[in-house]
Amino acid sequence: RAKTQGRRSYNFYTRELDQQLQDRMQLEQAMRLGLENQEFYLCYQPRVELSTGRIMSLEALVRWNHPQWGPVSPGRFIPLAEETGFILALGPEVLRLACLQIRQWDEQGMPVVPVAVNLSAREFHQPDILERTLSTLQQTGIEPGRIEFEITESAAMSSVERTIETLAQMNARGFHFSIDDFGTAYSSLNYLKRLPVQAIKIDQSFVLDLQDNPEQHPEDAAIIRAIIGLGHTLGLEVIAEGVETLAQREFLLEHGCRIGQGFLFSAAVPGERIQAMMLKQVEHPPR
Ligand code: C2E
Ligand code: MG
Ligand code: MG
Ligand code: MG
């Protein structure tokens, strides 16, 4: 009995795995086709001055509308794209789209704000990443100073010496950098000190936990305070992600965090919406 049962569960297990594998292959194929068919586009989430709500910069976030499935979440396709290497094709398209959008905003006379683009570990660690990004910018006529790259803390943590060298080279050309999802990868402080970056972004998991009453989450509150203190000590801008409530905003302001992004202010929205928000801001400056 044990034997047949064992076999049955084995079969069940392989069928599950088969299904998962098939789903992944189907998703990967759909992504490749989607890139050809220009199904990917960008939305932009404002990063605001927490005290006034004024838009200081933007984060470009990729969106994918599949013709049959509808919107597919980046949380689902980006990890697969990173695993399979498809991100090396998608990443340049994201940067190109961001540059084209910046040019369009410029042409419409929108006030200049830096645009942050997410760079996955695999993209960042390509030996010719500087040449690749410069070539995209050249083709679209955008200066490096307009772009900030977000690399995750874990991406920045691997191949430390090379990372520092690449960051320094790209900095020298005018690119800015921030460390995304900070607090999730246990960076050594000694190492962080050596990273030529301009900002760190407090991972949203810490901020989201605060919700209504920070006092109910003393650990998250302590971590956030520590990251803010650390960032400022190192002369870095500190940006909080996942700000959804007034209580979170209060807490962050109280502890000296100047900039945040989150649903309290705005989700990621299409480029035209950003333009309208910026225009409104010029007409009625936030105080
Ligand atoms: P991330 O770079 O840390 O981006 C923040 C994510 O949090 C975004 O999800 C954003 O829409 C979401 N978010 C913003 N405000 C709030 C809030 O107040 N509450 C909550 N619960 N969530 C908020 P999204 O767009 O689904 O992207 C997820 C992740 O996918 C990103 O995390 C990033 O790692 C990756 N990703 C997105 N676009 C790109 C891209 O163009 N290139 C690369 N390499 N990765 C990307
Ligand atoms: Mg990001
Ligand atoms: Mg993040
Ligand atoms: Mg994140």
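Me: Why does R132 count as partly exposed?

Reply: The model is a predicted one, and its values are computed from that model. R132 has a relative accessibility of 40%. Buried means under 20% and exposed means over 50%, so R132, at 40%, counts as partly exposed.

Me: What makes the pair D128 and R132 a salt bridge?

Reply: Their side chains meet with an N to O distance of 2.9 Å. The cut-off is a nitrogen of Lys or Arg within 4 Å of a carboxyl oxygen of Asp or Glu; at 2.9 Å the pair therefore qualifies. D128 is itself partly exposed, with a relative accessible area of 29%.

Me: Where do E28 and R32 lie, and what joins them?

Reply: Both residues lie in helix 1, which covers residues 2-36. They are four residues apart, about one turn of the helix. A salt bridge joins E28 to R32, with the closest N and O atoms 2.9 Å apart. R32 has a relative accessible area of 38%, which lies between the limits of 20% and 50%, so R32 is called partly exposed.

Me: How do you know that the salt bridge of R194 and E161 links distant parts of the chain?

Reply: The two side chains meet at 3.0 Å, N to O. R194 sits in the loop between helix 8 (189-192) and strand 7 (199-202), whereas E161 belongs to helix 7, and the two are 33 residues apart. R194 is partly exposed at a relative accessible area of 41%.

Me: How many salt bridges does a search of the whole structure find, and which residues are linked in a network?

Reply: The search finds 16 salt bridges. A network of salt bridges links R47, E59, E148, E150, K201 and E241.

Me: Why is helix 5 called roughly parallel to helix 7?

Reply: The axes of helix 5 (residues 129-140) and helix 7 (residues 160-172) come within 10 Å and cross at roughly 30°. Angles under 35 degrees count as roughly parallel, so helix 5 is roughly parallel to helix 7. The crossing of helix 5 with helix 7 is right-handed.

Me: Which residues make the contact between helix 5 and helix 7, and of what classes are they?

Reply: From helix 5, I129, L130 and T133 meet T166, Q169 and M170 of helix 7. These residues divide into three nonpolar, three polar and no charged.

Me: Is T166 buried or exposed?

Reply: T166, which lies in helix 7, has a relative accessibility of 11%. Buried means under 20%, so T166 counts as buried. Leaving aside residues up to four places away in sequence, T166 touches F124 and I129.

Me: How do helix 3 and helix 5 pack?

Reply: Helix 3 (residues 87-107) packs against helix 5 at an angle of about 35°, with the axes 9 Å apart. Helix 3 passes helix 5 in a right-handed crossing. On the side of helix 3 the contact is made by P92, L95, R96, C99, L100 and R103, and on the side of helix 5 by T133, T136, L137 and T140. By class, this contact has five nonpolar, three polar and two charged residues.

Me: Why does D220 count as buried?

Reply: D220 is found in helix 10 (residues 218-233). Its relative accessibility is 10%, and buried means under 20%, so D220 counts as buried. Residues up to four places away in sequence aside, D220 touches S205, F206, D209 and L210. The C-alpha atoms of D220 and L210 are separated by 7.0 Å, although the two residues are ten residues apart along the chain.

Me: What phi does S159 have, and what phi does D181 have?

Reply: S159 has a positive phi of about 45° although it is not a glycine. The place of S159 is the loop between helix 6 (153-157) and helix 7. D181 is likewise not a glycine, and has a positive phi of about 55°. D181 is found in strand 6 (residues 176-182).

Me: What makes S159 and D181 partly exposed?

Reply: The relative accessible area is 42% for S159 and 25% for D181.

Technical notes:
Residues numbered from 1 in each chain as written. Chains lettered and ligands numbered in written order. Predicted model: local features only at pLDDT ≥ 70, side-chain atom pairs only at ≥ 80, totals over all residues. Heavy atoms only, no water. Axes fitted to C-alpha atoms, helices over the stretch in contact; angles between N-to-C directions. Parallel < 35°, antiparallel > 145°, perpendicular 65-115°, else oblique. Left-handed = near helix turned anticlockwise from the far one by under 90°. Contact = heavy atoms within 4.5 Å. Nonpolar A, V, L, I, M, F, W, Y, C, P; charged D, E, K, R; others polar. Buried < 20%, exposed > 50% of the residue type's maximum accessible area, 1.4 Å probe, protein only.
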